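Colleague: Please put the model on screen. I have some questions about it.

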Amino acid sequence: MSTATSPAARSPRLVDWRIRFGVLALIWGFSFLFIKVGTEGFAPFQVTFGRLLFGTAVLAVVMAIKRERLPRGRRTWLHLTVAAFLLNALPFSLFSYAELTIPSTLAGICNATTPLWGMVLSLVALSEDRPTRVRAAGLGIGFVGVLTVLGAWQGFSGLDVTGTALALLASFSYAVGWIYVRRTLAGNGASNLSLAGTQVGIATLQLAVVTPMFTSLPSSVEIVPLLAVIALGALGTGYAMLLQYGLVAEVGPTTAAMVTYFIPVIATAAGVAVLGEHLGWNTPVGAAVVLAGAALTQRRGPSRRPRTTIRAAATTSPVASPTTSPAVASPAAPRPDQHTAGRP
């Protein structure tokens, strides 16, 4: 049985995939810095709206160039509306509000807990995901890492509980969103770009309705926060998604998903170097433990009873994980505990 090679895999690339992988990690890692800077000049909802607006603009241009059609069917649009809320509107807004009171470094590390949430939820929502000793150990290790980052032995002294809870809730929303996408949009006939562009566009409309209700126009617009929001949307939401598409098509979703483990490292380095944020010993140590635990939760043992139908739908689905976070969809759907799109 021969396997057809996708056009993306056959076409020669001008830039090596490793370079594009590094660029994607940098963009998503710096997204938390962009959020922090953006909230210095705009309300959190305004930061999120601007991010989605500029991200939609980039994807719309690419869709127009490639002559992509919008998805068809009311059911598909309803599912995309829910996905837009869970994977874009809600977590993006929560991270923006969280970074009013917590460092961008902590927000980036909280984002790395998405695979942990994903494993817990997948055990409940997806019957083909069964716990193994290794994955259970990874969950426990990841939980210890979170407590280390938060300084639990100090009674969470000096920690803004509300901001941290919002960031963790944003990561939880990513996990819920990916499970929802896998259950409802797997096997959809629309293209990756069409689904993702439509999803981000719907999220933009959601924020366009909500933002005027809770914010007022700023009396003045500062250039640095404005540039941060533009970069957050055009690069972190639009261009990064296109980079991820190419990586998944060329090297596969497993390798592409490894970008998740570089995001908190870059977010931490950017927060310390650019914003001068304080970094205690427990933050990098705890982050490393979280990432180790998250990696273990994604290891799968041999399946006792193959679920041919379900796996076929998952691997051919045009919609996937950050990323998200930070992105919205990828050409091949990884497990819901793999945060390949969040996109931050």
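Colleague: Which helix holds Asn88?

Modeller: This is a predicted model, where local features need pLDDT of at least 70, side-chain atom pairs count only at pLDDT 80 or more, and totals for chains, interfaces and linings use all residues. Residues are numbered from 1 along each chain as its sequence is written, and side-chain values use heavy atoms, with hydrogens and water left out. Helices are DSSP runs (H or I, at least four residues) and strands are E runs of at least two, numbered from the N terminus. Asn88 falls within residues 74–98, which is helix α4.

Colleague: Is Asn88 buried or exposed?

Modeller: Buried means under 20% relative accessible area, exposed over 50%, partly exposed in between (1.4 Å probe, protein chains only). The relative accessible area of Asn88 is 0%, so Asn88 is buried.

Colleague: What separates the C-alpha atoms of Asn88 and Val200?

Modeller: Along the chain, Asn88 and Val200 are 112 residues apart.

Colleague: How many helices does the chain have?

Modeller: The chain has zero strands. Read along the sequence, its pattern is α-α-α-α-α-α-α-α-α-α-α-α-α-α. The number of helices is 14.

Colleague: Which residues does Gln206 touch, not counting residues up to four places away in sequence?

Modeller: Gln206 lies in helix α9, residues 192–214. Gln206 has a relative accessible area of 19%, so it is buried. Contact means heavy atoms within 4.5 Å. With residues up to four places away in sequence not counted, Gln206 touches Thr81, Ala84, Phe85 and Ala89.

Colleague: And Ser173: which residues is it in contact with, leaving aside its neighbours within four places in sequence?

Modeller: Ser173 is found in helix α8, residues 161–185. Its relative accessible area is 4%, so Ser173 is buried. Leaving aside neighbours within four places in sequence, Ser173 is in contact with Leu86, Leu90 and Pro91.

Colleague: Which residue forms a salt bridge with Arg20?

Modeller: A salt bridge is a side-chain nitrogen of Lys or Arg within 4 Å of a carboxyl oxygen of Asp or Glu. For Arg20, the closest N and O atoms of the pair are 2.4 Å apart, and the partner is Glu250. The pair links distant parts of the chain, 230 residues apart: Arg20 in helix α2 (residues 17–38) and Glu250 in helix α10 (residues 223–251).

Colleague: How many salt bridges does a search of the whole structure find?

Modeller: Arg18 forms one with Asp16, the closest N and O atoms being 3.2 Å apart. Arg18 counts as exposed at 53% relative accessibility, and Asp16 as partly exposed at 36%. Over the whole structure, the search finds two.

Colleague: Which elements give two or more residues to the lining of the largest cavity?

Modeller: On a 1 Å grid over the protein atoms alone, a cavity is a set of points where a 1.4 Å probe fits but cannot get out, and lining residues have an atom within 4 Å of a point. Leu106, Ile109, Cys110, Thr113, Val146, Val149, Leu150, Leu168 and Val290 line the largest cavity. The elements giving two or more residues are α5 (104–111) and α7 (133–150).

Colleague: What share of the chain's residues count as buried?

Modeller: The chain exposes about 15400 Å², with carbon and sulfur atoms supplying 67% of it (Shrake-Rupley method, 1.4 Å probe). Of its 344 residues, the buried share is 53%.

Conventions
On a 1 Å grid over the protein atoms alone, a cavity is a set of points where a 1.4 Å probe fits but cannot get out, and a pocket is an open set with protein on both sides within 12 Å along at least five of seven lines; lining residues have an atom within 4 Å of a point.
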